[in-house]
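Thanks, everyone. Please have the display open while I talk.

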Amino acid sequence: MADQLLQVRNLSVTFQTARGPVHAVQNVSWQIDRGEVLAILGESGSGKSVSASAVMDLIDCPPGEITSGEIFYEGRDLLTMSRAKRRAINGKKIAMIFQDPLAHLNPVYTVGWQIEETMVIHGTSAAEAKAETINLLRKVGIPNPEDSAQKYPHQFSGGQRQRLMIAMALALKPDVLIADEPTTALDVTVQAQILQLLEELQKETGMALLIITHDLGVVAEIAHRVVVMNHGEIVEQGSAREIYANPQHPYTKRLISCAPGQGEIHDKVSETEPLLKVREAKKLYGAFEALSGTSFDLHEGETLAIVGESGSGKSTTARILLRLEESSGGTALYKGKDLFAITPKEMFAIRRDIQMVFQDPTQSLNPRMTVYELISEAWAIHPEILPKAQWKARVATLLEQVGLQSEHVHRYPHQFSGGQRQRIAIARALALEPRIIVCDEAVSALDVQVQGQVIALLDRLKAEYGLSYIFIAHDLPVVRDFADRVIVMQGGRIVEQGPVRQIFDFPRETYTRNLLAASLDPDPEVQARRRAERRAKEAV
Amino acid sequence: MQKFLAKRAVSSAISLIFLIIAVFFLSRLTGDPTDLYLPVDASQAARDQFREIHGLNDPLIVQFGRYVWDLVHLNFGESIRRAEPALPVVLQAFGWTFRLALITMAIVTVAAITLGALAAFRVGGIFDRIATFFSLIGASAPDFWIAIVAIVVFAVGLGWVPTSGVGGPQYWILPVAVLFIRPFGLILQVVRGSMINALGSAYVKTARAKGVAPKKTIFVHALRNAMLPVITVMGDQAAALLNGAVVVETIFGFPGVGKLMIDSILNRDFTVVLAAIMVTALAIFIMNILIDFAYAILDPRIRY
Amino acid sequence: MSNTRTPATSVKAETPEPGKARKMLQLLLADKTATIAAIFLIVIIVCAILGPLLLDQLATRQNLRGRNAPPFDLTRSFFWVLGGDQLGRPLLARIIVAAGNTMAVATGAVIASMTIGSALGLVAGYSRGKLGDIVPRIADVIMSFPSLLLAVIVLYMLEPSVSNIVIVLAITRIPVYLRTTRAEVLEVRERMFVQAAIVMGASHLRIIFRHILPVILPTLLTIAALDFAFVMLAESSLSFLGIGIQPPEITWGLMVSQGRPYLTSAWWLSFWPGLVIILTTLSLNLLSNWMRVALDPTQRWRLEIGGKKNG
């Protein structure tokens, strides 16, 4: 027992909130030893980060309170230690990195200063710290370490910032590194690089690595063992392969079965006349070309996915199609009219036909309007759709169609869960009886299980209403399950387009192949095979 | 950074130009300037002479050109009441106001930042209560009333300090104390709010995970970030002190620019009023540039 | 919006309204200091409306025997409880009557500056063209004017009537609303629900009045309460300096000023009106603090969990 490096035993933490005390974690126990990679897997609200915060003494009282448990580090209980002693361990023996590195780096100090500080407060001399900082920056792959040390966090890219965080955390060669969702906001290719870096560094230093994540793919890629959490309790733990291959707890089973990328591939290819023809669409921001001449068709009744990393121009495409921004060139023919060129008045008539579902339903629904007001606004704007006398009945029908109770018409958005809110947003889009719905990362903000439900809903509605979707996403497995055709974009250009099977099984372009290779499969076996292939390639 | 500062300087300068235009046209369009410049009981001959000398019979645009020309040469004309150039009179008074504002702001800055940071560190604690109390008083108390009550109590009643005038340090105590309240309360409030944000921020979490001690977390990691909004408010308050010490100066008989202004208004000495406004506006203009400079030094996101 | 509702649905949609009012009252009662502040302000408002009508006679009739009569003299009538002024007029009656002018000036200035300022702010924040760049400059210019000096010089050149004072104070406060509204609109405009409304084909007017304004209104009201206190103080300062409201009109600031020569012999002449000013502005500040919490859905729980400190 005591020979484990870090051990959490029967930890319970309670937070005081407006709705009374919330038991964030209850009786949680796990341990991690040198050289080991442990993942804590859970959805939002599962309490997966809480035990790590307790290890780092980051739980403030109030509102949080550790009600029971022990945390042993090298046999000593951290929770009974003085604050000063815990500070001496933080950063030196146990270090932590976070999601969203931009927010977690101090914006007004140079990154060099921030890395040096870690060393200086734990007793390294200033000169030594300075020299070591340059080494660290080189080690985590920051170009021009000497110059970069003098720069500020906002001058780096997202991936580089996470590298800086890693450099800072590893400065004193800690025994344990805790990484809280370290790759969540990053593009897939960058995510792959960061995970690779973490793995290399872990092997090199022999430290224990604790990864907190919601992503089965991350677990499959890097973890030896995994702890699955739900509603503040551990439901299951074991080796990553075992848990994936043979989950015991119903929650784990559900989670694994919901993982996208394992469904049937759609083989239907629509041969009808295109509904929407986009030709040479361009968008400039000053001298910067966000979109440089993209052309594609959308057929009736199909789901066209546009995938790409940040800055690929996929969202820009949606925004100019809906005239949320003006295009800088090209045409988009719909019913014989050029969407880019028509007057606002003509566009108003077409708006009915082309609707949009946004990424974050919390933000896309006006918080001060009831569900009834949100949905019926469509008919207030376009009164020809429905006479007022029928609004109430129609709202109720729509709510039932998207799987919500019609009694909830007078509730406000904040009284619903994330998935339910996205259903409201879909009902609102349907209210206008559109032919095309543009889904801009419509499921990215949702938990995996909810994601699956919303995708299923979209699929069903497509058949019922004869809809066509433009489905913009960065998450390849979701696209694989849902789309009929795929467009891959990079740097404002279309790299490749074709039926979903062709793109996923026989990609032609290197970029597409890299993108697919970087995307993580929830099966540890598959990831192990991919890692082996990668290494073989690197060896050559 | 140069671009940022240049942009800010230009926008301040535009404001200054607007001020000049506004003052000129207000003074011309609201009636005969001779009414403004000359005492009420001036004779008709004096009025005609005044119109002749100052070219008030010329077209308005010519008058405006001459007015700007004079301003550029810092020629504000003569104080009619004192029969001496207006500028030195104003500058002397401004010196007093400037010292008063400087002393007050120095004390306010140190006190508000220290107390605000401590209040934010323990919300609901003793420092926090002091902070809440002062910010409420600062926002609610009429300074003229505080001033006269202070005179009654401390100068007349207790006899600890003189009622008015200038001289040794004891003459500064009451004016500074009264002027202190409002900016102290306001800045304290902003420091507190801004520090609470900063202390709850992600980078402070990082600092704690690194093992940085609480004192260093507050004063090195959080405070510098929290200062950014504070600086803006400090600028506003300093400007308010430069121009708004009118009431306090009048009550304490402090020979600053505010008192000069009120005296000149009551004596209908418009040249001095005008010069005082220009000098104050210029001082605020310079101070705004300094504030922007401080902003740029503190925040690298503006510099790069 | 109401005209777009059918009679059947309007009943349903309207029913939450009285509920909302009751809810706000509950939230108010949850904060004891804010409740007291609100009650005090209601008393002041009643005084301001009824005082000049009922007590004008009493407040202006000079009575040489009551000159500088000391407060708490129980032999006189109720209105003499705070004493008499230098011309033998009952102070309490005068304070009640003066509430009328004081409130009128502050209300006028706040409503005017809020209407103009937020309208300009909406235009500046919503339009993406040149207008969006030019309008904020107006605020910069006004802000760079030393505001009290501006008031002084304008009142010097114009006659210091109630309407002129309202205009001057309103102008100096426009930037506050302009800047806040603009900043909020710039932020709210980019929110997804506004984009969603555009995608549905909502007109500019609908977006501004249905989607943007309701979101920023609580902020504006909170500022207005705070600003009311500020304007009151500014008016008092001007009146105190003798360039605001002129006798025989009265305001609280003017009363403080008129009592000043008698400070050492009859402190109550300046003390009572000053105290009323403090209590009123204090109440406004407390109410504004409460509003900041009560009108913000993410902060409201602080009041709902009852009685706890909200910092």
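Chain C of this predicted model reads along its sequence as α-α-α-α-α-α-α-α-α-α-α-α-α. In numbers, that is 13 helices and zero strands. Chain C has 311 residues, and 53% of them count as buried. On contacts, take those in chain C with a separation of 6 or more: residues 24 or more positions apart account for 68% of them.

Arg173(C) lies over the face of Phe230(C), and the distance to the ring centre is 3.8 Å. Chain B has a case to show as well: the charged end of Arg99(B) sits over the ring of Trp96(B), at 4.4 Å from the centre of that ring.

Now the ring pairs. A pair of aromatic rings is described by the distance of the centres and the angle of the planes. Over all chains, the count comes to 13 aromatic pairs. One of them joins Phe154(B) and Trp160(B), with 5.9 Å centre to centre and 35° between the planes.

Next pair: Trp172(B) and Phe254(B). Their centres are 5.1 Å apart, and the angle between the planes is 80°. This pair is edge-to-face, since the angle is over 60 degrees. Where do the two partners sit in chain B? Trp172(B) belongs to helix H8, residues 170–199. Phe254(B) is in the loop between helix H11 (246–252) and helix H12 (257–266). The two residues are 82 positions apart, and the pair links distant parts of the chain.

As for cover, Trp172(B) has 14% relative accessibility and so counts as buried, given that buried means under 20%. Phe254(B) is buried too, with a relative accessible area of 1%.

Last, chain A. Which residues form one aromatic cluster there? They are Tyr469(A), Phe471(A) and Phe482(A).

That's what I have; questions are welcome.

How values were computed:
Residues numbered from 1 in each chain as written. Chains lettered and ligands numbered in written order. Predicted model: local features only at pLDDT ≥ 70, side-chain atom pairs only at ≥ 80, totals over all residues. Heavy atoms only, no water. Phe/Tyr/Trp six-rings, centres within 6.5 Å; stacked < 30°, edge-to-face > 60°. Helix = DSSP H or I, 4+ residues; strand = E, 2+ residues; numbered from the N terminus. Buried < 20%, exposed > 50% of the residue type's maximum accessible area, 1.4 Å probe, protein only. Lys NZ or Arg CZ within 6 Å of the ring centre and 35° of its normal. Contact = heavy atoms within 4.5 Å.
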